[in-house]
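Here is a briefing on one protein model. Please look over the sequence and the fold before reading the points below.

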Amino acid sequence: RGLGDVYKRQGQWFMLDEAETLELFTGLRTDFVALSLASYLADLTDATAQAEDTSQLLRLLLNALYALSVLHKPPQLVKPAFELRLMCLSGYRPELEGCAKCGKVEMENGWLVPAHGELYCEDCPRPDGLPVDKAVLEAMRYAIDAAPKRIFAFRLDDEALRRLGSVCEAYLLYELDRGFA
């Protein structure tokens, strides 16, 4: 809808001769924090996009921009959910179904080990990892498995959002092995 002809030119480049804007995300213009986060999310998307198929990544980015601009979801919720889902779409899905050692699914506290992408419960010996509690683990499981338009449809208190943000950012930075300014 609203697109002209798309044609391939010079190897990997695709050209578009006409387009129409469908959403301007005007809410981002009035909120500096949301605008800054949107820029960061776009940088992450660019850093992980492969030439073959970017449709899921672009859908994730558009859903995040919509959540920030239109739904006014808190940036502290959008950022970690986006980071985690982006890692999944990029082939770095952490194994959060249960403890990698004993298989325990329900746990009050555990550890996510970025080097292996594995979860360990508090009772099992593990390599160094990122601490996760029940609320953070449930939010991470939700963000990984939710339908694309529902990724940001969960709630946590401010302290749990801070912990979630810390774990998801550390996981992303470990897996991508680079920083973002």
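Helices (H or I, at least four residues) and strands (E, at least two) are DSSP runs, numbered from the N terminus. By that rule, G27 sits in the loop between β2 (13–16) and α1. This is a predicted model: local features need pLDDT of at least 70, side-chain atom pairs count only at pLDDT 80 or more, and totals for chains, interfaces and linings use all residues. Residues are numbered from 1 along each chain as its sequence is written, and side-chain values use heavy atoms, with hydrogens and water left out.

**Overall make-up**

- The protein chain has five helices and five strands.
- Along the sequence, their order is β-β-α-α-α-β-β-β-α-α.
- Of the 181 residues in the protein chain, 39% are buried. Buried means under 20% relative accessible area, exposed over 50%, and partly exposed in between (1.4 Å probe, protein chains only).
- Contact means heavy atoms within 4.5 Å. Among contacts in the protein chain between residues at least 6 apart in sequence, 54% join residues at least 24 apart.

**Helix α1**

- Helix α1 covers residues 32–48, which is 17 residues.
- From first C-alpha to last, α1 reaches 25 Å, close to the 24 Å expected at 1.5 Å a residue. The expected span is 1.5 Å times one less than the number of residues.
- The buried residues in α1 are A34, L37, A38, Y40, L41, L44, T45 and T48. They lie on the same side of α1, because their arc around the axis is only 165 degrees. The arc is that of the directions from the helix axis to the C-beta atoms.
- An α-helix has 3.6 residues a turn, so residues three or four places apart point the same way.
- F32 and D46 are exposed on the other side of α1.
- The cover over the buried residues of α1 includes α2 (55–69), α3 (75–89) and α5 (158–176).
- At the start of α1, a side-chain oxygen of D31 comes within 3.1 Å of the backbone nitrogen of V33.

**Helix packing**

- α1 and α3 pack at about 5 degrees, with axes 11 Å apart. Axes are lines fitted to C-alpha atoms, for helices over the stretch in contact, and angles run from 0 to 180 degrees between N-to-C directions.
- α1 and α3 are therefore roughly parallel. Angles under 35 degrees count as roughly parallel, over 145 as roughly antiparallel, 65 to 115 as roughly perpendicular and the rest as oblique.
- On the α1 side, the residues that meet α3 include L37, Y40, L41 and L44. Their partners in α3 include V78, K79, F82 and L86.
- The axes of α2 and α3 come within 11 Å and cross at roughly 175 degrees. These two helices, α2 and α3, are therefore roughly antiparallel.
- Among the α2 residues that meet α3 are L57, L60, L61 and A64. The α3 residues there include V78, F82 and L86.

**Single residues**

- K79 lies in α3. K79 counts as buried, at 19% relative accessibility. Beyond four places in sequence, K79 contacts L37, Y40 and E169.
- K134 lies in helix α4 (residues 134–145). K134 is partly exposed, with a relative accessible area of 34%.
- Not counting residues up to four places away in sequence, K134 touches E106, M107 and E108. K134 and G110 are 24 residues apart in sequence, and their C-alpha atoms are 8.1 Å apart.
- G27 is buried, with a relative accessible area of 16%.

Methods
Polar contact = N/O pair within 3.5 Å; in protein donor to acceptor, adjacent residues only side chain to side chain.
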